[in-house]
Amino acid sequence: MSSAVPAGPPPGPARPEFWRSPLRGPWLTAVFGLILLFGVTVLFVTGLLSYAAYNPALARTNDETPDKGLLGFYLFSWPTSPYWIYRLTQGIHVTLGIVLVPVLLAKLWSVIPLLFSWPPVRSFSHAVERLSLLLLVGGALFEFATGILNVQLHYIFPGSFYTLHFYGAWVFIGAFVVHVAFRLPRALRAVRPGRALPAAGDRSAALVSPRPAVPTLSRRGAVALVGAGSGVLLLVTAGQSVGGWFRRTAVLAPHGQDPGPGPNGFQINKTAASLGIRTSDIGPGWRLTVLGGGRRTVLTLDELRALPQYESALPIACVEGWSTTDQLWRGVRLAELAALVGLGTDPPHVLVESVQRGGAFASAVLRDNQVRDRRSLLALRVNGAVLSPDHGYPARIIVPGAPGVHNTKWVTRLTFGEPV
Ligand SMILES: Nc1nc2c(c(=O)[nH]1)N[C@H]1C(S)=C(S)[C@@H](COP(=O)(O)O)O[C@H]1N2
Ligand SMILES: [Mo]
């Protein structure tokens, strides 16, 4: 006497009537989806550029990502012009990532009934599709969460942020491309003016509540609300990338809104004290050692000051998205320091080491195009004053277009042209 009646979904979210919002439907999902299609594409491209900006293939110090294999590709050497390039690309990456959060959440809200669709697995292809959506949604949440935690300096990751965000990006983008390939035609149809109602059996019709509550907001109103949320985030974030006066509007910026007065009054990433830089490391006993071509020269600070000094107006642009306006640096050209060890014509790459003991940013390798640029300095002064200890006294690197992390502070050794 077995019953042939298939069991319906259990009470709760697996039942379509459970979902009552009259706003859900193909149009709303398509609008958010199309915004994300554009936004995520920009995030992916600027993210790849951010990776390339580290000159990852140049040296292990620049990119410690394990087993990156083919994914560690990059197509070009990071340029030094325009000198604000990283300020722009990374400012866009971080600001856009934050601004898209309301859109991402709204998109997920619009499709949440599908998460509980019954039966959980209908067929093999349905299972594959659901698995790909797991990678898509999981990947998106992972990338947004790790990115935001990093720009908020909240390092709770089990490992390096770079490694996690890098591999997460490839998983996410793979699932994203598949998702877009399958859903883009439907999304475009859903936003076409004068579109027909979804045909019966159309899976996207599952988004429409069979028992809608009375609307308190139109669908356009919902889009406007999400847009307003993104707009507010833009207003309280972008100031950290624009810098200068606008820093005051960046109330979400973790370094604070006021970097203090005077020539050294611009944003500091890590203070000397926080990294354990001792006064004895950068006191009168400090020396700059220049190595390369089998030669070695050691200079005191006074000897460095006696070399020809040049000025460059360049910003600091951090991977965390904040940047400064142009600061006026003054110091010795990297190319002329290479000349001290006989490598003045066509200077090669250089390994820059600081007095800092350990830590990922204690050293970096700059590519030959960065060494050769006449604006690249070992800076001793900024905005007319001696560097403050927090900005890298007695000497720091400043290179046009480079990510902040390659502008090593408290430099003590330069090694030109050695294999790294
Ligand atoms: N030795 C050393 N140099 C360093 C760092 C560091 O941690 N140690 N931080 C880098 C990073 S991530 C940035 S963004 C810039 C910030 O420079 P600022 O603090 O002078 O603005 O310094 C770079 N130079
Ligand atoms: Mo940075």
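The model is predicted.

**Overall make-up**

- The protein chain contains 10 helices and 10 strands.
- Of its 420 residues, 37% are buried.
- Among contacts in the protein chain with a separation of 6 or more, 72% join residues 24 or more positions apart.

**Contact between the domains**

- Domain 1 places 25 residues in contact with 21 residues of domain 2.
- On the side of domain 1 that touches domain 2, α1 (26-53), α2 (85-99) and α4 (124-151) each contribute at least two residues.
- The largest share of that side, eight residues, belongs to α2.
- By class, the residues of that side are 12 nonpolar, 12 polar and one charged.

**Nonpolar core**

- The largest nonpolar core holds 78 residues, and Leu-334, Ala-338, Val-350, Val-352, Leu-378 and Ala-379 have the most contacts inside it.
- Helix α1 provides the largest share of this core, nine residues.
- Both domain 1 (16-237) and domain 2 (273-416) give at least three residues to this core.
- Leaving aside residues up to four places away in sequence, Leu-378 touches Gly-331, Val-332, Leu-334, Leu-337, Ala-395, Ile-397 and Val-411.

**UniProt annotation**

- An unreviewed UniProt entry gives the feature "domain: Oxidoreductase molybdopterin-binding" at residues 285-416.
- In the model, residues 285-416 are 14% helix and 36% strand, with end C-alpha atoms 23 Å apart.
- UniProt, again in an unreviewed entry, lists "transmembrane region" at residues 27-49, 69-86, 92-116, 128-149 and 161-182.
- Residues 92-116 are 92% helix and 0% strand, and their end C-alpha atoms lie 35 Å apart.
- Residues 161-182 are 100% helix and 0% strand, with 31 Å between the end C-alpha atoms.

**Backbone exceptions**

- Most residues other than glycine have a negative phi, and most peptide bonds are trans.
- The peptide bond between Trp-118 and Pro-119 is cis, with omega about -5 degrees; Pro-119 sits in the loop between α3 (101-115) and α4.
- A cis peptide bond also links Tyr-393 and Pro-394, with omega about 5 degrees; Pro-394 is in the loop between β8 (385-386) and β9 (396-398).
- Asp-67, which is not a glycine, has a positive phi near 50 degrees and lies in the loop between α1 and α2.
- Asp-67 counts as exposed because it has 8 C-beta neighbours inside 10 Å, and the cut-off for exposed is 12 or fewer.
- Trp-410, also not a glycine, has a positive phi of about 55 degrees and lies in the loop between β9 and β10 (411-416).
- Trp-410 counts as buried because it has 23 C-beta neighbours inside 10 Å, and the cut-off for buried is 20 or more.

Definitions and conventions
Residues numbered from 1 in each chain as written. Chains lettered and ligands numbered in written order. Predicted model: local features only at pLDDT ≥ 70, side-chain atom pairs only at ≥ 80, totals over all residues. Helix = DSSP H or I, 4+ residues; strand = E, 2+ residues; numbered from the N terminus. Contact = placed C-beta atoms within 7 Å. Nonpolar A, V, L, I, M, F, W, Y, C, P; charged D, E, K, R; others polar. UniProt positions renumbered as here; feature names shortened; annotations may be inferred. Core = buried A, V, L, I, M, F, W, Y, C linked by C-beta atoms within 7 Å. Domains from an automatic or database assignment.
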